[in-house]
Each structure stands twice: as structure tokens, then as C-alpha cells.
Amino acid sequence: MTDAPVDERMLVLLRHAKAEQPTDGPDVERPLATRGRADAAAAGFWLARHGLLPDVVLCSAALRTRQTWHNVEMGMTGSPPEGGPAGPLPIVRYEPDAYEAHPEDLLTLVRRVEPTATTVLLIAHNPGISLLSEMLDPPHADPEGLRTTDLVVHRPAVPWAELARGTAVISARHTARG
């Protein structure tokens, strides 16, 4: 296998969808709110409509991010996950290290992606996901960061393993609302 051409690589950063308000339970187990499920499905629909179907999904292991991915996947395919019209199923990795991660930690996860991957979707939390977007394209990052279900598409100018500060310009942004 050869590396995916640099000009075809896309890194899609997605802040998890709207979660329920905190309770006495552990934060890592907070589920999505009803609005969050609808917004995540809308994010999946937007990704499919723009041809940004991931080869690899890196997802925080927190409940709200896992539920975000499930609903994104439903939005991409229009049905329960099974491949089909939206394309083959991506490789999905639930990453405990993506919960409460610093941008450098998230960057390390992306650098480990197979060199053949064309589109990578990273689903994580603030402030790490916003700071990663800012690190990758400092002049064009939103100074307010990513809101829930915000998608930011970066075009890396280098192979995944060489991703670093200023090496992936922002080519699109979208706030998904269902």
C-alpha cells in the first residue's frame, strides 16, 4: 500500500454534540441530550453530502463522544451502521487518551493513523479540540473555539506522521444543527 496523496488528505475535527447537564455521576459518563443526537445526525449528513466520509475515526471513549459518533454514522448512511450507500465502514478507535486531552495528545493520536488513510475524523472535547484546530492553522482558527457539533475541515500539507503546528489549513467549517 502507498501513502494517501498529501493533496487528498482531510482531517475533520468535531467537538462532541450537546450533552446532558452534569449530575452527581462521573463526567465521562454524561450522555447526549436529545438536541445533541439530532445535531450529530445532521453532522453526519453534512459530511456525506460533502464527500467527507472517514476512513478512520478517532473518538474519545467518553459516552457523549461515542454517542456523537453513533449518530454521525446514522446521519451519513441514513440507517443503522452497515456500510452501504455512504461507503465502507471506517476503522473506529475509541481512545481513552482523547478524554480531557491537550492538543499535543490529540495530535499524537492523529500522527499514528495509517499513512494510507485519506479522511480522518477526530471526535473529542474542548478545550483540546479547539486548541488543536488553532495549532494546525493559527491564522484561520476561530478565536472562540469550537461549539458543540462544530466541524472544522483541515487539509494537511504533510503526511499524517509529520502533522505539526501550521501544517493543515482550514478549508471548511460547519455548525451542525438538527
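Reader: Which strands does α3 lie across, and at about what angle does α3 run to β4?

Author: α3 lies across β1, β2, β3 and β4, at about 150° to β4. Axes here are lines fitted to C-alpha atoms, for helices over the stretch in contact, with angles from 0 to 180 degrees between N-to-C directions; contact means heavy atoms within 4.5 Å. Helices (H or I, at least four residues) and strands (E, at least two) are DSSP runs, numbered from the N terminus. α4 lies across β1, β4, β5 (150-156) and β6, running at about 150° to β1.

Author: Two notes before we go on. This is a predicted model, in which local features need pLDDT of at least 70 and side-chain atom pairs count only at pLDDT 80 or more, while totals for chains, interfaces and linings use all residues. Residues are numbered from 1 along each chain as its sequence is written, and side-chain values use heavy atoms, leaving out hydrogens and water.

Reader: In what order do the strands of the sheet come?

Author: Strands of a sheet pair through backbone hydrogen bonds, either parallel or antiparallel. Here pairing requires at least two DSSP bridges between two strands. The open sheet of 6 strands runs β3-β2-β4-β1-β5-β6, with mixed pairing. Its edge strands are β3 (91-95) and β6, each pairing on one side only. β2 and β3 pair in the parallel sense over 5 bridges, and V57 has V92 in β3 as its bridge partner.

Reader: And which residues is L132 in contact with, beyond its neighbours within four places in sequence?

Author: With those neighbours left aside, L132 is in contact with L13, P103, L106, L107 and L122.
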